[in-house]
Amino acid sequence: MSRKVLVIAGVLLAAGSIAAVSAPLFRGGHMRHGALFGDFAEGGYGLAAHPVRLGERLKAMDADKDGTITLEEFLARRDPAFARFDKNKDGVIDRAEFDAAAKESTDYWTRRFLKRFDADKDGKVSKEEFARFARERFAWRDLDDDGRIGLEDMPPGVRDRIGRWLRRGQDDAGKDAKDGAAAKEAQERRPFTLERLLGRVDRRFTRLDRNGDGFIDAADLEASVAERNAYAARRFFKRFDADGDGKVTRAEFDRRAGQRFADLDLDGDGKITEADLPPMMRGRGLLR
């Protein structure tokens, strides 16, 4: 990552981040469905993660705390996720059930959004209401009330690190002056002002105000996530519906997780023990 990106990222973090400030409903360009889709985003529990997190997750799976994890224990963690979709308890998830679960999640986050931003409780969010939290969070971080967030508003450690990056960047920019890189970097490193933040808030408001009436209501939010929900459904059934019949059985739902269990069970004895863990994780009592 270049120094200028680090500098800009540091300033944005100090400002509270536009995503966190203005739209808790959306993160990373998608609807925040929380655990609804996260349980099986990668077919399991993120078990390719850092060894410490792997150990913690495996330890949590050891239901009877006997130091071993059976396939049944490994798969049991998926029970709540499957149950949230299989509303009629027939052992399969069809598209109607998936859409119902997606709507339930959408309705919840829509209520959260309106609860947070709809100050006058009229069922819709104006541009002023939408920007209110951004203004407040900016004010919290603008310690000297000069209308911008710069190095002087950051914690000492962060201030020192970014100061060093800036000095190095200035040296580099001097070498690149011939092609205008210095001017470009200077522009990108300008202090993060309230105007810049509100400009981003305004653009996000415009994206969410689907009918362009100057307000965000439940219908706008539902329209904003309809395509994302449809895409999520396509991904879900593509990933889990092995026989292509439009339904996901529990066996299909657990298939990838079962393969993950087999990959972790190095000696093939049908259980995961400390002997199956990476060397650096053995002897720490992670499965005890």
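**View 1. A218 in helix α12.** A218 lies in helix α12, which covers residues 218–240; helices (H or I, at least four residues) and strands (E, at least two) are DSSP runs, numbered from the N terminus. With a relative accessibility of 27%, A218 is partly exposed, a class that falls between buried (under 20% relative accessible area) and exposed (over 50%), using a 1.4 Å probe and protein chains only. T106 is 112 residues from A218 along the chain, and their C-alpha atoms are 9.7 Å apart. This is a predicted model, in which local features need pLDDT of at least 70, side-chain atom pairs count only at pLDDT 80 or more, and totals for chains, interfaces and linings use all residues. Residues are numbered from 1 along each chain as its sequence is written, and side-chain values use heavy atoms, with hydrogens and water left out.

**View 2. Confidence along the chain.** The protein has a mean pLDDT of 77, with 72% of its residues at 70 or more; pLDDT is the predictor's confidence in each residue, from 0 to 100. In residues 1–49 the pLDDT is below 50, and this stretch makes 130 contacts in the model beyond near neighbours in sequence, a contact being heavy atoms within 4.5 Å.

**View 3. The nonpolar cores.** The largest nonpolar core has 19 residues, of which F113, F117, V125, F130, F138, L197 and I216 touch the most other members. Such a core is a set of buried Ala, Val, Leu, Ile, Met, Phe, Trp, Tyr and Cys residues joined through side-chain atoms within 4.5 Å. At least two of its residues come from each of α7 (95–117), α8 (127–141) and α11 (194–208), and α11 gives the largest share, 6 residues. A separate second core, of 13 residues, includes A232, F236, F237 and F240.

**View 4. Helix α8.** The buried residues of this helix are E129, F130, A131, F133, A134, R137 and F138.

**View 5. Two loop residues with positive phi.** Most residues other than glycine have a negative phi. K121, not a glycine, has a positive phi of about 55 degrees. K121 sits in the loop between α7 and β5 (124–126) and is exposed, at 53% relative accessibility. D145 also has a positive phi, near 55 degrees. This residue belongs to the loop between α8 and β6 (148–149), and D145 is exposed at 63% relative accessible area.
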